Amino acid sequence: MQQVLVLGATGSIGLNTLDVLARHPDRFGIHTLTANRSVDKMVELVASYQPKCVIMACPDAAAELERRLSDRAVTSVLSGQAALEQAASSPDIDVVMAAIVGFAGLRPTLAAARHGKRLLLANKEALVSAGSVFMEACRQGGATLLPIDSEHNAMFQCIPASVGGRPDTRAVEKILLTASGGPFRGRSRDELQAVTPDQACAHPNWSMGRKISVDSATLMNKGLELAEACWLFDCTPSDIDVVVHPQSIIHSLVRFADGSVLAQMGNPDMRTPIAYGLSWPDRIAAGVQALDLVAVARLDFQAPDLDAFPCLRLAQEAITVPGGMCILNAANEVAVAAFLAGEAGFTDIDRVIERTLEVVPAADCCDLAAVEALDAAARASAREELAQLAGARGGA
Ligand code: NAD
Ligand code: MG
């Protein structure tokens with residue numbers, strides 16, 4: 001019986017994870033669930049899954065949850081960042097699903113890596129920001145790192161494992177990273193000026209949290225995924241081509257030295273990669289509908305439009321600069337939050353990121369403190385850029 005900690009249990013990935021876990025009560029115990037401050041949702045999850053422990057990152061939310069759960073003594077309630085890290089390090093936990101959104105998930109995810117857990121990584125921002133520190137923590141801690149992002153899970157399924165379970169990329173010639181193109185595929189930059197947060201979050205194929213939905217709409221998600229693939233499969237951006245595939249049926253492909261191209265296909269449902277992460281190298285039922293190829297009928301492919309969606313180009317450049325992806329990720333989180341709050345326009349997102357990359361000095365990050373310092377500097381700079389954009393508009 002594997003005991004599971006779900007970091008970010010109330011989110012889109014967290015809920016899909018619980019759905020898969022509940023199908024296999026003989027294999028998995030739902031030990032600890034965490035969230036930021038969604039008390040109502042957590043009350044429901046405690047009633048459905050009866051975890052031993054619940055952690056709310058926000059202390060006020062934890063206090064409210066404790067009051068609401070006073071009649072359910074079986075579940076203990078903790079709060080704060082340190083509690084998240086302790087849970088991810090605990091000897092009682094075998095499997096950690098890292099599904100907090102953004103840089104906020106870095107510390108507990110790193111703790112799981114350092115303590116040799118089976119680490120299911122959805123929280124791509126943690127790996128992208130902390131790159132070498134993160135991979136070194138996995139190596140030293142002896143963690144089993146399993147990609148949950150659908151594209152990387154597809155690559156992981158296509159690339160054979162070497163002795164020890166790590167992907168054996170020796171015969172890989174090219175990785176083909178697929179992108180849906182998001183809700184604004186085919187639009188020009190001018191047509192993107194006035195789009196709203198709700199339009200940006202209406203993804204054609206996937207139902208996801210709001211931050212990653214905006215990243216999909218700007219194509220920044222593909223930029224983050226490019227860096228994610230470089231770390232996971234020990235390769236460089238020149239080893240990876242981005243291909244727009246609007247149907248999201250193929251989740252990525254790998255071309256080998258002999259000309260073979262392997263693709264992983266399936267309906268766009270995150271329960272497939274989650275189930276594979278939970279059961280690898282076995283496979284378990286995930287509750288996913290069987291793929292009906294006749295109903296799908298056709299699979300299309302296009303090149304990405306880097307003029308309308310400059311975020312992917314910014315990421316391609318930032319990957320080559322030490323600490324560049326940490327700066328880019330921080331600026332993106334600040335700009336996307338401002339867009340979602342109605343305080344910035346859609347095309348301000350790439351402007352703020354581009355300026356932040358120009359202003360914040362590159363720095364090689366050799367430990368967590370350096371990563372956090374660079375992230376903080378980039379956030380402060382991105383906020384200044386946003387204020388300047390707003391000021392320029394106010395004065396116009
Ligand atoms: P979401 O917004 O739906 O959920 C985020 C979860 O993190 C929630 O449980 C929330 O309470 C928690 N959280 C937010 N801020 C926190 C903080 N400061 N401290 C502690 N907990 C916090 O997001 P999501 O769509 O489930 O995405 C989660 C991660 O998975 C992201 O990194 C995303 O890029 C990645 N991912 C998501 C999908 C998807 O289909 N949703 C696919 C691939 C990768
Ligand atoms: Mg993805």
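## A mixed sheet and its chain

In this predicted model, four strands form an open sheet, ordered β9-β8-β10-β11, with mixed pairing. The edge strands are β9 (240–244) and β11 (261–265), each pairing on one side only. Neighbouring strands of the sheet are turned by 20° against each other on average, direction ignored. Helix α7 (residues 150–158) packs on the sheet and touches β8, β10 (250–256) and β11. The direction of α7 makes about 40° with that of β10.

Strand β8 (residues 172–179) pairs with β9 in the parallel sense over five bridges. Leu176 has Asp241 in β9 as its bridge partner.

Some terms need cut-offs. Strands pair if DSSP finds at least two bridges between them. Helices (H or I, at least four residues) and strands (E, at least two) are DSSP runs, numbered from the N terminus. Axes are lines fitted to C-alpha atoms, for helices over the stretch in contact, and angles run from 0 to 180 degrees between N-to-C directions. Contact means heavy atoms within 4.5 Å.

Now the whole chain. The protein chain has 16 helices and 11 strands.

| Property of the protein chain | Value |
|---|---|
| Buried residues (under 20% relative accessible area, 1.4 Å probe, protein chains only) | 55% of the 396 residues |
| Accessible surface (Shrake-Rupley method, 1.4 Å probe) | about 16,500 Å² |

Residues are numbered from 1 along each chain as its sequence is written. Local features need pLDDT of at least 70, side-chain atom pairs count only at pLDDT 80 or more, and totals for chains, interfaces and linings use all residues.

Notes: Chains are lettered from A and ligands numbered from 1 in the order in which they are written. Side-chain values use heavy atoms; hydrogens and water are left out. Buried means under 20% relative accessible area, exposed over 50%, partly exposed in between (1.4 Å probe, protein chains only).
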